[in-house]
Amino acid sequence: MIRSSPTSNIKPDNVVDEGALMSSVPTWFPNARLNWAENMLKCRSSTKIALIQEIEPTPPGAHVNSSERSVTYLELYNEVSSLINSLRLMGIQPGDRVASYSSNCIENVVAALASTALGAIWVSAAADFGPDGVLERYKSKVHNHVPKLAEVVSGLEKLSLSPEKVVVISLRTGAQSSRDGWMEDWVDWENIIRQGKAETERDPALSEIQFWRGGFDHPLWILFSSGTTGKPKPIVHRAGGMLLQSAKEFLICGDFVPEDVFFYYTTTGWMMWNFLISALPIGLTIVLFDGSPLDDVSLLFNYVDKLKITLFGTSAKYLEQVATKYHPRQLHSLSSLRLLFSTGSPLAPVQFDWVYKELSPKVLLASITGKYTYTLGRYLNGGTDICSLFAGMNTSLPVYRGEIQCRMLGMSIRAYSEEGLPLAPGLPGDLVCDQHFPCQPLGFWPLPGYGESADAVAKARERYLDSYYRKIEGVWFHGDHVLITPSRGANAGGVIMLGEVMAYCKEACFTHLSSPNALITPVNDTETPEASVLARPKSTKSWRRALGLGMPRRTVGQSIKDGADERVILFIVGSSSTETRFDEAMVKRINAEIRGRRTPRHVPSKIILVQDVPYTLNGKKVEVPVKRLISGAKKESLNLSTIPESGMSRRI
């Protein structure tokens, strides 16, 4: 529902200035007025189920309500209406930021819809930014997040970012539902909803939501990158872009229909949660899940049969883990399943074979990508950058083993050489997008006009330009290594994601070890965010000096398990004195420092001391050739003439 102003029509020359530089982030549909939540809530059926909430079965005595819950579209609309009334009483205005630290529950969807209905900007600050960390995290344990929430709120207050209201959603029952550990001014969800319903009883007209309609480019939400290569990037996405992209991807490319039941295994901090709830305008049923899917491997497949799930989304890592221990097709019907999404890492060719043998020979296997980043010993889907897909599914095209089906409609992605030139099909290169696209982010937070200092806005703008536009002039540089195959089966070329091995220790493990004592701040980019409060070391130089490390270092992913997985190798440069002391004890000390100050998942699989790190002739640190060499490629297959001799290349 994109409305033009009464005095003008949307004509071709009113779409976007195609002559503008991509880095200028031109406005799309300047005459349009819309509200994203209004489109999400256009179905108001009293019988059609909108959301089903499933929670992993919890141990006896956990005092958690893990029974299935559901709401119809009409119930969802009414709940959003009640919350909107309460948010208005709190003084929420267009452009305000409403942040969530929540599990994947119905209330979180309601909060996102109510906030954006008023023109507020949604921010999700979940504990993990990808699926794999959650696979390892929960393990059937019930975690009390009240102390952590109190610590976050206290940290925000110290940064002069005190939230005006803290609303707590409790899943605990009985005696465990007390306010133990709560701050005095915190309120619970039920009270907020009751307050909103009371407003409706006072004035029945308030039951009909008055949606605030802004421009196509009005900020909808802020998504954060994983933060493993520096400060998490607070990426601001425009409402109209999100609306158009989801309509294209679901209705045209995926053939979603109201009879579908859509499940995606995701946390609320991963972009796939935004992707999932954006299917509400279709009128289908969305399944929300909170817990670990691997303690009981049958759990998610039981949900497929029980709920008749037709669209099932997960990660390649999950499929890999299931393949080692389970045969779903032998133990489940899975007859409802028609489309299987996989993201988070490139899907290996052998995994295509497993899906069609062990899941269903009739399912459409939709490997999708916005961006793949290898970091923390695993891939993460970096579609956070565009909160959308550059390459993905198309129900009208064949699936080829090991390939993403096609480039998505309207996304002019290509493979470019290091010299900034487009490459022919079949040649690997850097993924770029060379034409404007409607989900191009507005920038990094803070944007101008929202009360932040001019200096903070300028720094955010510079960081945004550095991230995507300055590596190759005139295009969006996405940072992945990609191969676009020659066209076959009318697909105009499939896509093979070769990944991007982000040197997380280059600017994360070492730089973050010296970061100021700070907390994640969802509304400010002037501090260095951390996943938790860290003790501040004496200084960067003193820490490196204590370990005897030189400044340069490089992490590279090494392909293992016949290309189905990778491990991280950390190359570090040491002085002559370091070389004499580089032994198992030093390796343990480095790993202990990384583990203690970041997380166990930051610890590299292997540390190798080298004399120096190789650079290309134009001054870029070499990554892809090194990755290929340590993964088994022959030197003869690489053009090493562009790489000066180095200690690192000699070791390889």
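## Crossing of H2 with H3

In this predicted model, helices H2 and H3 cross with right-handed geometry. H2 spans residues 73-89 and H3 spans residues 106-117, and the two pack with their axes 9 Å apart at an angle of about 55°, which makes H2 oblique to H3. On the H2 side the contact is made by Leu-76, Glu-79, Val-80, Leu-83, Ile-84 and Leu-87, while H3 contributes Val-110, Ala-111, Leu-113, Ala-114, Ser-115 and Ala-117. Sorted by class, the residues of this contact comprise 10 nonpolar, 1 polar and 1 charged.

An α-helix has 3.6 residues a turn, so residues three or four places apart point the same way.

## Packing of H2 with H6

H2 also packs with helix H6 (residues 189-202), here at an angle of about 90° and with the axes 7 Å apart, so that H2 is roughly perpendicular to H6. The H2 residues taking part are Glu-79, Ser-82, Leu-83, Asn-85, Ser-86 and Leu-89, and they meet Trp-189, Ile-192, Ile-193, Gln-195, Gly-196, Lys-197, Glu-199 and Thr-200 of H6. By class, this contact holds 5 nonpolar, 6 polar and 3 charged residues.

## Burial in H10 and across the chain

Helix H10, residues 316-323, is mostly covered, with 6 of its 8 residues buried; these are Ala-316, Lys-317, Tyr-318, Leu-319, Glu-320 and Val-322.

For the chain as a whole, 56% of the 652 residues are buried, and the accessible surface comes to about 27100 Å², of which carbon and sulfur atoms account for 52%. The secondary structure consists of 19 helices and 28 strands. Among contacts with a separation of 6 or more, 72% join residues 24 or more positions apart.

## Backbone exceptions in loops

Most residues other than glycine have a negative phi, and most peptide bonds are trans. The peptide bond from Trp-445 to Pro-446 is cis, with omega near 5°, and Pro-446 lies in the loop between strand S23 (443-444) and helix H13 (454-468).

Asp-255, in the loop that runs between helix H7 (239-253) and strand S12 (261-264), has a positive phi near 55° although this residue is not a glycine; its relative accessible area of 37% makes Asp-255 partly exposed. Cys-387, likewise not a glycine, has a positive phi of about 45° and is found in the loop between strands S18 (378-381) and S19 (391-392). Cys-387 counts as buried because its relative accessibility is 8%, and the cut-off for buried is under 20%.

Key:
Residues are numbered from 1 along each chain as its sequence is written. This is a predicted model: local features need pLDDT of at least 70, side-chain atom pairs count only at pLDDT 80 or more; totals for chains, interfaces and linings use all residues. Side-chain values use heavy atoms; hydrogens and water are left out. Helices (H or I, at least four residues) and strands (E, at least two) are DSSP runs, numbered from the N terminus. Buried means under 20% relative accessible area, exposed over 50%, partly exposed in between (1.4 Å probe, protein chains only). Contact means heavy atoms within 4.5 Å. Accessible areas come from the Shrake-Rupley method with a 1.4 Å probe; for residues, only the protein chains shown count as cover. Axes are lines fitted to C-alpha atoms, for helices over the stretch in contact, and angles run from 0 to 180 degrees between N-to-C directions. Angles under 35 degrees count as roughly parallel, over 145 as roughly antiparallel, 65 to 115 as roughly perpendicular and the rest as oblique. A crossing is left-handed if the near helix is turned anticlockwise from the far one by less than a right angle, and right-handed if clockwise. Ala, Val, Leu, Ile, Met, Phe, Trp, Tyr, Cys and Pro count as nonpolar, Asp, Glu, Lys and Arg as charged, and the others, Gly among them, as polar.
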